[in-house]
Amino acid sequence: MKYRVIIEQDEDGMFIAEVPSLPGCISQGKTRQEALTNIKEAIDVYLESLKEHNEPIPPSIDEEVVEVAG
């Protein structure tokens, strides 16, 4: 499954990762890569919790990135 992850660096230099389609699914890391690793784990835990509580799992995304000259 694929989910959109937004990563922003905060004022202390930490990278904060959030999954908009999974409310409250947020993690962080000292580096961008660490934040990505941590958010993957958070997504797994989040989805497992949804399954355990028989709640619907948000659909996976299917998107493309288009680069244009600018």
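From the N terminus on, the elements of this chain follow the order β-β-β-α, which amounts to one helix and three strands. Helices (H or I, at least four residues) and strands (E, at least two) are DSSP runs, numbered from the N terminus. This is a predicted model, in which local features need pLDDT of at least 70 and side-chain atom pairs count only at pLDDT 80 or more, while totals for chains, interfaces and linings use all residues. Residues are numbered from 1 along each chain as its sequence is written, and side-chain values use heavy atoms, with hydrogens and water left out.

**The sheet**

- The three strands form an open antiparallel sheet in the order β1-β2-β3; two strands pair if DSSP finds at least two bridges between them.
- Because β1 (6-9) and β3 (26-29) stand at the edges with a single partner strand each, one side of each is left without a neighbour in the sheet.
- From one strand to the next, the twist averages 25 degrees.
- β1 and β2 run antiparallel and are joined by four bridges; one of the pairs links I6 to its partner E18 in β2.

- Helix α1 (residues 32-52) lies across β1, β2 and β3, and runs at about 150 degrees to β3. Axes are lines fitted to C-alpha atoms, for helices over the stretch in contact, and angles run from 0 to 180 degrees between N-to-C directions.
- The largest nonpolar core has twelve residues: Y3, I7, F15, A17, V19, L22, C25, A35, I39, I43, L47 and L50. Such a core is a set of buried Ala, Val, Leu, Ile, Met, Phe, Trp, Tyr and Cys residues joined through side-chain atoms within 4.5 Å.
- β2 and α1 each supply at least two residues of this core, and α1 gives the largest share, five residues.
- Leaving aside neighbours within four places in sequence, C25 is in contact (heavy atoms within 4.5 Å) with A17, E18, V19, I39, A42, I43 and Y46.

**A closer look at E18**

- E18 has its place in strand β2.
- Is E18 buried, partly exposed or exposed? With a relative accessible area of 38%, E18 is partly exposed; buried means under 20%, exposed over 50% and partly exposed in between (1.4 Å probe, protein chains only).
- Not counting residues up to four places away in sequence, E18 touches R4, V5, I6, C25 and I26.
- E67 is 49 residues from E18 along the chain, and their C-alpha atoms are separated by 24 Å.

**The chain as a whole**

- The chain has a radius of gyration of 14 Å, whereas a compact globule of 70 residues would have one near 11 Å. This radius is taken over C-alpha atoms, and the globule rule is 2.2 Å times the number of residues to the power 0.38.
- Along its principal axes, the C-alpha trace spans about 45 × 30 × 15 Å.
- Of the 70 residues, 21% count as buried.
- Among contacts with a separation of 6 or more, 27% come from residues 24 or more positions apart.
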